[in-house]
Amino acid sequence: MRDPVARFFADLDRHGGTLSLPVIEQWLRATELTADRLADFLVFKPDRYVRNLIYAGPGYQALALCWRNGQRSPIHNHRGSACGVKVLRGVVTETIFAHAPNGMIVATGSRDLSEGSICGSVDEDIHQVSNLQAGGADLVTLHVYAPPLLRMEMFSLDTPAVREWDDPVNDVFILGGGI
């Protein structure tokens, strides 16, 4: 039997090759995927947010990210990938960063995105995603990375040093790998 969520990705699969951010964002606006429809893919962990692989298409990956209250991504970019995000459940806080003249990074702003909202970033855009909701609520976000996000750079507020993170695309990742 065919994967029950695969049909949702048919429009993206038709593009072939690497998807542009506008194509990803248009698809996210139109998709009928919900947190309830993705229930079999949603894995949460108490100590870190979890990246759950939903679908791997030609030149992209779709993931459901699951966030317990208070969990945050590292400050990072998408080094070579476009990323579109749709909030499926909850409210996400996105903080945008830029390079300061001394080589360190500085926050330039934050915004809260409610359920149904879409945002996108490309390549060297630096940001952090957080679940800062009141009342201990969980957060579920749908991410499409094109090409698949296999490596990103992580930044610190304390030092200009940049660390690299390689995505563990293997059984651990498929079953709910986290950072």
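**Entry 1: Asp11 and its partner.** I began with Asp11, which is partly exposed at a relative accessible area of 46%. The model I am reading is a predicted one. I found that Asp11 forms a salt bridge with Arg14, with 2.4 Å between the closest N and O atoms. Arg14 itself is exposed, its relative accessible area being 64%.

**Entry 2: Other salt bridges.** I looked up the total and noted seven salt bridges in the structure. Among them is the contact of Asp47 with Arg48, at 3.3 Å from N to O. Asp47 counts as exposed at 57% relative accessibility, whereas Arg48 is partly exposed at 24%.

I then turned to Glu164 and Arg79, whose side chains meet in a salt bridge of 2.6 Å, N to O. This pair links distant parts of the chain, 85 residues apart: Glu164 belongs to strand β11 (residues 163-166), and Arg79 to the loop between β3 (75-76) and β4 (82-89). I recorded Glu164 as partly exposed, with a relative accessible area of 46%. Arg79 is likewise partly exposed, at 29% relative accessibility. Through shared partners, salt bridges join Arg79, Arg151 and Glu164 into one network.

**Entry 3: Strand β7.** I examined the two faces of β7 (residues 118-122). Cys119 and Ser121 make up its covered face, while Ile118, Gly120 and Val122 make up the uncovered one. I also noted that β7 pairs with β4 in the antiparallel sense, over five bridges. Within this pairing, Gly120 of β7 is the bridge partner of Gly84.

**Entry 4: The largest cavity.** By class, the lining of the largest cavity has eight nonpolar residues, five polar and one charged.

**Entry 5: The second largest cavity.** I noted a volume of about 40 Å³ for the second largest cavity. Val85, Val92, Glu94, Cys119, His127 and Val129 line it. Strands β5 (92-99) and β8 each give at least two residues to the lining of the second largest cavity. Its lining divides into four nonpolar, one polar and one charged residues.

How values were computed
Residues are numbered from 1 along each chain as its sequence is written. This is a predicted model: local features need pLDDT of at least 70, side-chain atom pairs count only at pLDDT 80 or more; totals for chains, interfaces and linings use all residues. Side-chain values use heavy atoms; hydrogens and water are left out. A salt bridge is a side-chain nitrogen of Lys or Arg within 4 Å of a carboxyl oxygen of Asp or Glu. Buried means under 20% relative accessible area, exposed over 50%, partly exposed in between (1.4 Å probe, protein chains only). Helices (H or I, at least four residues) and strands (E, at least two) are DSSP runs, numbered from the N terminus. Two strands pair if DSSP finds at least two bridges between them. Ala, Val, Leu, Ile, Met, Phe, Trp, Tyr, Cys and Pro count as nonpolar, Asp, Glu, Lys and Arg as charged, and the others, Gly among them, as polar. On a 1 Å grid over the protein atoms alone, a cavity is a set of points where a 1.4 Å probe fits but cannot get out, and a pocket is an open set with protein on both sides within 12 Å along at least five of seven lines; lining residues have an atom within 4 Å of a point. Grid points are joined across faces, edges and corners, and a volume is the space filled by probe spheres set on the points.
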